[in-house]
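Here is a short report on one chain. It goes from the sheet to the helices and then to the rings.

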Amino acid sequence: MAPIFAYWDFRGIVAHIRLLLAYADVRYEHKQYDFQGNPAEWFEVDKIQLGETLDFPNLPYYIDGKVQLTHSKTILAYLGRKHNLNAANEEEELRISLIIEQMSDLRMIISRIANPPVPATNRQEIHEALRKEYLDTIPSRLGLIAKFLGSYNWMAGDHLTYADFLVYDVLDFHRLLFNPKHFNGFPTLVAYMERFENLKGVKEFLVTMEKMPTNRPGVAFFGNSKDFKPKED
C-alpha cells in the first residue's frame, strides 16, 4: 500500500517534504485538504478519526504502514533516513541539526511577517512594516548561511542530505517575499540553489509547485509562486 502524505492544498510549510518525495521518486497518495472550500473534512472528520492512530493529530501527516507521523521536521528526518539522505558521520549529524534549527527559526520569522497576528483591518499595513524591518537583517542572515556552507556543495558536506530540502524551501521563500537581488552578494548560495533546482525529480516538481497557492487565503502574500513580482526594496 502506498504511503499517504497529507496537508492543505497550498505550499505552506511542507514544500521541502514534497520536494524530497519527488527526488526519491516515492509513489504516494497526495492527500490535499481544501482549506477554503471544505476545511471541515480535516477539523471535524479526519482529525478525529486519525486521533485513534496518530499520537499528535495534525497536518502534515505521513502514514507509511506502521509508521504514522506528524510534524514536518519529524517527517523530513524519517524520509531522510529511509531514502539514504541522512548523515554519514557525527560531524554531518551536527551540521544537519544546526542548519535545520537555524532555518526553522527563519521560517518562523517569515511566517509572522506574512501572517501577523493582528486584526484583518490593518494586517497588510503591519505586514509591510515587518517586512521592511526584516530587510535590514537579510545580508547578515544570508551571510551566516553562506559562511556555514563554505566550500561545500551541500549543507552537511559533500553529499546531499534531507537538510538541504528545508534550506532550499526557506531560501526560496526569501526570494518570494523579498527581492531576489538580496542574494546577489552571495554567489555560493545562488549556485547552491541552482544546484538543488537541477536535481532529478526536483526540477520537474518545481514546475508543479509554481502552480500551487503559496499560502492560505488571508495571509499577506497569497497566490501562485509564478505570479509574484520582486519588490523594489
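## Ground rules

Helices (H or I, at least four residues) and strands (E, at least two) are DSSP runs, numbered from the N terminus. One example of their use: H3 is followed by Asn84, whose phi is positive, near 55°.

This is a predicted model, in which local features need pLDDT of at least 70, side-chain atom pairs count only at pLDDT 80 or more, and totals for chains, interfaces and linings use all residues. Residues are numbered from 1 along each chain as its sequence is written, and side-chain values use heavy atoms, with hydrogens and water left out.

## The sheet

Strands pair here if DSSP finds at least two bridges between them. Four strands make an open sheet in the order E2-E1-E3-E4, and the pairing is mixed. The edges belong to E2 (29–33) and E4 (67–70); each has a single partner strand, so one side of each lacks a neighbour in the sheet. From one strand to the next, the twist averages 15°. Angles run from 0 to 180 degrees between N-to-C directions, and axes are lines fitted to C-alpha atoms, for helices over the stretch in contact.

E1 and E2 run parallel and are joined by five bridges. Ile4 has Glu29 in E2 as its bridge partner. On E3 the sense is antiparallel: three bridges join E1 (residues 4–8) to E3 (residues 61–64). There, Ala6 is partnered by Tyr61. E3 also pairs with E4, antiparallel, over four bridges. Tyr61 has Thr70 as its bridge partner in E4. E3 and E4 form a hairpin with two residues between them, and Gly65 in the turn has a positive phi of about 65°.

## Cover on the sheet

Which strand is mostly covered? E1 is, with five of its five residues buried. Buried means under 20% relative accessible area, exposed over 50%, and partly exposed in between (1.4 Å probe, protein chains only).

Contact means heavy atoms within 4.5 Å. Three bridges hold E1 to E3. Helix H2 (residues 40–50) packs on the sheet and touches E1, E2 and E3; its direction makes about 135° with that of E2. H3 packs on the sheet too, touching E3 and E4, and its direction makes about 140° with that of E4.

## Helix H3 and its partners

The buried residues of H3 are Ser72, Ile75, Leu76, Ala77, Tyr78, Leu79 and Gly80. They pack against H1, E3, E4 and H7.

Two packed helices are described by the angle between their axes and the distance between the axes. The axes of H3 (residues 72–82) and H7 (residues 162–177) come within 8 Å and cross at roughly 135°. That makes H3 oblique to H7. Angles under 35 degrees count as roughly parallel, over 145 as roughly antiparallel, 65 to 115 as roughly perpendicular and the rest as oblique. Leu76, Ala77 and Gly80 in H3 meet Tyr162, Phe165 and Leu166 in H7. These contact residues divide into five nonpolar, one polar and no charged. Ala, Val, Leu, Ile, Met, Phe, Trp, Tyr, Cys and Pro count as nonpolar, Asp, Glu, Lys and Arg as charged, and the others, Gly among them, as polar.

## Two buried helix residues

His16 sits in helix H1 (residues 15–23). Its relative accessible area is 1%, so His16 is buried. Leaving aside neighbours within four places in sequence, His16 is in contact with Ser72, Leu76, Arg107, Phe165, Leu166 and Asp169.

Ile138 lies in helix H6 (residues 138–149). Ile138 is buried as well, at a relative accessible area of 3%. Not counting residues up to four places away in sequence, Ile138 touches Phe178 and His182. Ile138 and Asn38 are 100 residues apart along the chain, and 37 Å separates their C-alpha atoms.

## Aromatic rings

Rings of Phe, Tyr and Trp (its six-membered ring) pair if their centres lie within 6.5 Å; planes under 30 degrees apart count as stacked, over 60 as edge-to-face and the rest as tilted. By this rule there are 14 aromatic pairs. One of them, Phe5 with Tyr62, is tilted, at 6.5 Å centre to centre and 50° between the planes. This pair links distant parts of the chain: Phe5 is in E1 and Tyr62 in E3, 57 residues apart. Both Phe5 and Tyr62 are buried.

Ring pairs also link Tyr7, Trp8, Phe10, Tyr33, Phe35, Trp42, Phe43 and Tyr61 into a cluster.
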